[in-house]
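Open your viewer and get ready to click. This short tour tells you what to select at each stop.

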Amino acid sequence: MIPDASDPGARCGARLTIDLEAVCANWIALRHRAAGAECAAAIKGNGYGLGLEQVVGALSQAGCRTFFVALPEEGFRARTVSSTARIFVLGGLIGGTGPDLLAHDLTPALGSPAEIAEWGALARRSGRRLAAALHVDTGMNRLGMRASEAQAIAADARALEGIDPVLIMSHLACGSEPDHRMNQRQRTAFDGIRGLFPGIPGSLANSAGIFLGEAYHHDLVRPGIALYGGAALDAHSQDNPMRPTVSAQARILQVRDVPAGESIGYGAAETVQRDSRIAIVAAGYADGYHRRAGSSDARSGACGVFNGQKVQTIGRVSMDLIAFDVTDCAMPAPQRGDWITLFGKDGIPLSALASHAGTIDYELLTGLGARYHRHYLPVRS
Ligand SMILES: *Cc1c(COP(=O)(O)O)cnc(C)c1O
């Protein structure tokens with residue numbers, strides 16, 4: 001195949017096809033599953049690697065009104081796409097960033113008495129009430145106020161002066177394991193703390209929480225991974241009800257014949273046992289294809305797919321290159337310029353690649369590198 005010079009992706013070794021319609025379909029499916037609660041969207045980590053602006057645009061069109069980012073910078077980006085959405089900053093109020101949050105109409109998830117005091121002081125200085133989420137910890141010990149701190153805030157009539165608490169939230173540590181006893185413990189703790197702040201909408205569920213059932217849905221759910229087709233429950237890595245949203249392909253730079261007994265790649269980690277035909281593609285760990293997914297004499301790696309046929313990685317994954325064993329491919333044989341699918345549509349599932357790399361769907365998606373040519377399938381309206 002002669003690369004088409006007019007193809008905007010021709011200069012990129014690898015390409016992503018991102019199905020925004022599938023993201024929207026997943027959001028609608030989750031909204032139905034949590035009927036009665038508002039369905040928001042977690043878009044941190046560049047929209048889980050898919051592209052924050054594109055995801056906000058598509059989900060806004062589908063009817064999503066509330067978004068969660070990790071950091072102010074992500075909130076600024078989301079705000080360029082939607083002037084009306086509610087955007088919560090999960091990282092809370094980073095000291096001194098209050099005026100920037102106000103300027104972009106972002107709402108912090110306040111996770112400590114110090115953050116509450118800083119936001120309240122800004123409210124009094126600016127002469128208006130400022131919306132905030134109150135983030136309470138119910139057992140994860142990551143962000144959020146301890147129960148005792150929340151009790152003290154609730155008992156002090158002046159603690160929230162100037163603040164308009166629009167959401168009270170907590171986060172599940174073990175939601176991906178439905179039978180884990182932490183889930184019920186955290187839900188009970190959360191319901192108790194909510195009782196201290198009557199009338200404020202509550203939110204506990206991430207994607208996994210949505211699948212734990214109605215008792216976890218409260219007033220608002222905050223799915224991330226399931227929107228993007230990733231496994232929310234551990235069981236979903238085998239049997240995932242969500243639609244995949246991303247596929248990745250890498251271009252073959254060379255096809256080479258390697259005689260039995262020669263080794264391939266760094267560290268001479270794998271020696272071919274037979275006369276082999278090897279395709280070298282233009283993607284590697286710099287693109288988020290984990291080094292752990294590679295192969296060696298001791299351990300077989302992930303596979304790609306060429307024309308519906310599985311092809312094994314052979315040898316280590318390099319920064320920019322991966323070798324696949326295409327010896328057994330039927331005609332038409334793979335040639336320079338053809339594409340091998342790394343994961344997704346027509347390839348292996350994202351979760352299968354994650355499991356070869358010893359990681360989870362979240363890490364693969366958010367690690368998709370900046371070098372890919374990104375092709376967005378539009379939302380049909
Ligand atoms: C990332 C995150 C979410 C979304 O989690 P998923 O597991 O991707 O659905 C929700 N809430 C908080 C606090 C988060 O950090």
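Strands here are DSSP runs of type E with at least two residues, numbered from the N terminus. Keep in mind that this is a predicted model.

**Stop one: a strand.** Select residues 38-39. They make up strand 2, and Glu 38 belongs to it. Is Glu 38 buried, exposed or partly exposed? Its relative accessible area is 28%. Buried means under 20% and exposed means over 50%, so Glu 38 counts as partly exposed.

**Stop two: a partner across the sequence.** In sequence, 184 residues separate Glu 38 and Arg 222. In space, their C-alpha atoms are 8.8 Å apart.

**Stop three: the ligand.** Now select the ligand. The space it takes is the largest pocket. Show the residues around the ligand: there are 14. The closest are Lys 44, Tyr 48, Ser 207, Gly 224 and Tyr 362. Colour this shell by class. You get seven nonpolar, four polar and three charged residues.

Move on to Ile 225. A backbone N or O atom of Ile 225 also lies 2.8 Å from a ligand oxygen atom. Finish with His 171. Here a polar side-chain atom lies 3.4 Å from a nitrogen atom of the ligand.

**Last stop: the cover.** On its own, the ligand has 390 Å² of accessible area, and the protein covers 94% of that.

Conventions
Residues are numbered from 1 along each chain as its sequence is written. This is a predicted model: local features need pLDDT of at least 70, side-chain atom pairs count only at pLDDT 80 or more; totals for chains, interfaces and linings use all residues. Side-chain values use heavy atoms; hydrogens and water are left out. A residue is near a molecule or strand if one of its heavy atoms lies within 4 Å of it. A polar contact is a pair of N or O atoms within 3.5 Å; within protein, one must be able to donate a hydrogen and the other to accept it, and residues adjacent in sequence count only if both atoms are side-chain atoms. Accessible areas come from the Shrake-Rupley method with a 1.4 Å probe; for residues, only the protein chains shown count as cover. On a 1 Å grid over the protein atoms alone, a cavity is a set of points where a 1.4 Å probe fits but cannot get out, and a pocket is an open set with protein on both sides within 12 Å along at least five of seven lines; lining residues have an atom within 4 Å of a point. A molecule sits in a cavity or pocket if more than half of its atoms lie within 2 Å of its grid points. Ala, Val, Leu, Ile, Met, Phe, Trp, Tyr, Cys and Pro count as nonpolar, Asp, Glu, Lys and Arg as charged, and the others, Gly among them, as polar. Helices (H or I, at least four residues) and strands (E, at least two) are DSSP runs, numbered from the N terminus. Buried means under 20% relative accessible area, exposed over 50%, partly exposed in between (1.4 Å probe, protein chains only).
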